[in-house]
Structure formats: C-alpha cells, structure tokens
Amino acid sequence: VRLVTELYDLFPAEFGATVAKEESLVKNLRDHITFYCHQETWPLREEKEVTDATEAIICYEMQLALRLVYDINEDLQKL
C-alpha cells in the first residue's frame, strides 16, 4: 500500500488514469477490507501487535481509496 501511495505521489495523472481504467486497485482494496470485516476469528487476533498492524493497514488502504475517489475526475472515469 505504501508503494502504491508513493507511485501515486510521483505520477498522479498517469496513475489516476490507470486506476480509473483498470479498476483492479480499487477492487483489491475493497476485497481486502471486506475480507477483514467479515472474518469472525482472525489468525493471531489475540496478539495486540498483529491487531494494531492489521487495523493500520486497513486505515491506510481506506485513506488511499478515499484519495483516489476524490482525485479522479469525470474525464478520467470515462477512459
């Protein structure tokens, strides 16, 4: 997720166009968040470090998805 964010910072127009056209990044983020939210018993969930790291990744993914949604304009969505 951090690598994707860095790529987006370096090439916002090209990356935004690719994300809008391919839809794979948003789909993967959605699938990961859905998987996390629907798991009743997550492996090693009782470990506080694992729980904190997993929740931090989910928050980071959601921030990236929100940024992509707001930054990609209607012209890029039509590609």
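Contact is taken here to mean heavy atoms within 4.5 Å. The model described is predicted, and local features are reported only at pLDDT of at least 70, side-chain atom pairs only at pLDDT 80 or more, while totals for chains, interfaces and linings use all residues. Residues are numbered from 1 along each chain as its sequence is written, and side-chain values rest on heavy atoms, with hydrogens and water left out.

The protein chain contains five helices and zero strands; helices (H or I, at least four residues) and strands (E, at least two) are DSSP runs, numbered from the N terminus. The order of elements from the N terminus is accordingly α-α-α-α-α. Of the 79 residues in the protein chain, 24% are buried, where buried denotes under 20% relative accessible area, exposed over 50%, and partly exposed the range in between (1.4 Å probe, protein chains only). The accessible surface of the chain amounts to about 6,200 Å², and carbon and sulfur atoms account for 59% of that surface. When contacts between residues at least 6 apart in sequence are considered, 63% join residues at least 24 apart.

In soluble globular proteins, nonpolar side chains tend to be buried together. A nonpolar core is defined as a set of buried Ala, Val, Leu, Ile, Met, Phe, Trp, Tyr and Cys residues joined through side-chain atoms within 4.5 Å. The largest one in this model has nine residues, namely Y8, F15, V19, A20, L25, L29, L64, L68 and I72. At least two residues of this core come from each of α2 (12-22), α3 (24-38) and α4 (48-71), and α2 makes the greatest contribution, with three. Within α2, the buried residues include F15, G16, A17, V19 and A20. Helix α2 is followed by E23, which has a positive phi near 65°. Although I72 and F15 are 57 residues apart in sequence, their C-alpha atoms are 9.6 Å apart in space.

The packing of the helices was examined next. Two packed helices are described by the angle between their axes and the distance between the axes. Axes are lines fitted to C-alpha atoms, for helices over the stretch in contact, with angles from 0 to 180 degrees between N-to-C directions. The axes of α1 (residues 2-10) and α4 come within 10 Å and cross at roughly 25°. Helix α1 is therefore roughly parallel to α4, given that angles under 35 degrees count as roughly parallel, over 145 as roughly antiparallel, 65 to 115 as roughly perpendicular and the rest as oblique. In this contact, R2, V4, T5, Y8 and D9 of α1 meet Y60, L64, R67, L68 and D71 of α4. The crossing of the two helices, α1 and α4, is left-handed; this term applies if the near helix is turned anticlockwise from the far one by less than a right angle, and right-handed applies if clockwise. T5, a residue of helix α1, has 11% relative accessibility and so counts as buried. Leaving aside residues up to four places away in sequence, T5 touches Y60, L64 and R67.

The axes of α1 and α2 come within 5 Å and cross at roughly 120°, which means that α1 is oblique to α2. Here V4, L7, Y8, D9 and L10 of α1 make contact with P12, F15 and G16 of α2.

For α3 and α4, the axes come within 10 Å and cross at roughly 145°, and the crossing is left-handed. From α3, residues L25, L29, H32, I33 and Y36 meet T54, E55, I57, I58, E61, M62, L64, A65 and L68 in α4. C59 is also located in helix α4 and, at 45% relative accessibility, counts as partly exposed. The C-alpha atoms of C59 and I33 are separated by 9.4 Å, with the two residues 26 apart along the chain.

How values were computed: Accessible areas come from the Shrake-Rupley method with a 1.4 Å probe; for residues, only the protein chains shown count as cover.
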